[in-house]
Structures are given as structure tokens and as C-alpha cells.
Amino acid sequence: MRALLDSYVFGFVLQERSLPGASADEIEAMTHSMLEQFPPDEYPNLRAFAIEHVLQPGYSFGKGFERGLDIIRGALTAARTTPR
């Protein structure tokens with residue numbers, strides 16, 4: 001359990017630190033460039049995430065941290081309370 005939380009926090013921090021401090025225009029250009037490398041029929045979820053989240057005004061990678069943490073905590077709670 002602790003390893004999962006440690007991995008999530010550590011991975012999130014590493015990923016966030018590796019993101020360039022870019023303007024909205026630069027992020028948009030990088031996102032479109034990245035999407036060109038992934039065929040839409042093979043990566044529909046990646047494309048949907050980029051269009052519905054990353055390319056929207058005010059998107060912040062860091063805002064997703066708590067949502068992910070809540071998902072992990074919920075799954076861990078369910079795993080502890082579910083009889084085996």
C-alpha cells in the first residue's frame with residue numbers, strides 16, 4: 001500500500017518537474033506535435049484527453065494530482081474492506 005502511494009507521488013513529481021514551463025501557445029504546439037506521432041485509431045483515449053483537457057484554457061497538470069490520489073485511496077479502501 002505504501003509503495004503504491006510512494007510510487008504515485010514520486011512519479012507525479014518527476015513528471016511535473018520534467019514538463020517545460022511553456023506558454024499556452026507552446027503547450028498547444030507541443031500537444032499537436034505529439035498527437036501527430038500517435039495514430040488516432042490506435043490511441044483514441046490519448047487524443048480525447050489531449051483535446052478535452054490539455055488543450056482547454058486553464059489546463060494545469062498539477063491539478064490532476066488530488067484526483068489521482070483520491071482514486072488510489074478509494075481503491076485501497078475497497079481492497080481492505082472486500083473479503084478475500
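**Figure 1. Crossing of helices α1 and α4 in the predicted model.** The crossing of α1 and α4 is right-handed; a crossing counts as right-handed if the near helix is turned clockwise from the far one by less than a right angle, and as left-handed if anticlockwise. The contact involves L4, L5, Y8, V9 and F12 of α1 together with G64, F65, G68, L69, I72 and L76 of α4, contact meaning heavy atoms within 4.5 Å. The axes of α1 (residues 2–18) and α4 (residues 64–81) come within 11 Å and cross at roughly 170°. Axes are lines fitted to C-alpha atoms, for helices over the stretch in contact, with angles running from 0 to 180 degrees between N-to-C directions. Helices are DSSP runs (H or I, at least four residues), numbered from the N terminus. α1 and α4 are therefore roughly antiparallel to each other, a term applied to angles over 145 degrees.

The structure is a predicted model, in which local features need pLDDT of at least 70 and side-chain atom pairs count only at pLDDT 80 or more, whereas totals for chains, interfaces and linings use all residues. Residues are numbered from 1 along each chain as its sequence is written, and side-chain values use heavy atoms, with hydrogens and water left out.

**Figure 2. Packing of helices α2 and α3.** With axes 11 Å apart, α2 and α3 pack at an angle of about 170°. These two helices, α2 and α3, are therefore roughly antiparallel to each other. The crossing in which α2 passes α3 is left-handed. I27, T31, M34 and L35 of α2 meet L46, R47, A50 and V54 of α3 in the contact, which has six nonpolar, one polar and one charged residues.

**Figure 3. The largest pocket.** The volume of the largest pocket is about 650 Å³. A pocket is an open set of points on a 1 Å grid over the protein atoms alone where a 1.4 Å probe fits, with protein on both sides within 12 Å along at least five of seven lines; lining residues have an atom within 4 Å of a point. A volume is the space filled by probe spheres set on the points, which are joined across faces, edges and corners. Of the 20 lining residues, L19, F49, V54, Y59 and F61 lie nearest the centre of the largest pocket. α1, α2 (24–36) and α3 (44–54) each supply at least two lining residues, and α3 gives the most, with five. The lining of the largest pocket comprises twelve nonpolar, six polar and two charged residues.

Key: Angles under 35 degrees count as roughly parallel, over 145 as roughly antiparallel, 65 to 115 as roughly perpendicular and the rest as oblique. Ala, Val, Leu, Ile, Met, Phe, Trp, Tyr, Cys and Pro count as nonpolar, Asp, Glu, Lys and Arg as charged, and the others, Gly among them, as polar.
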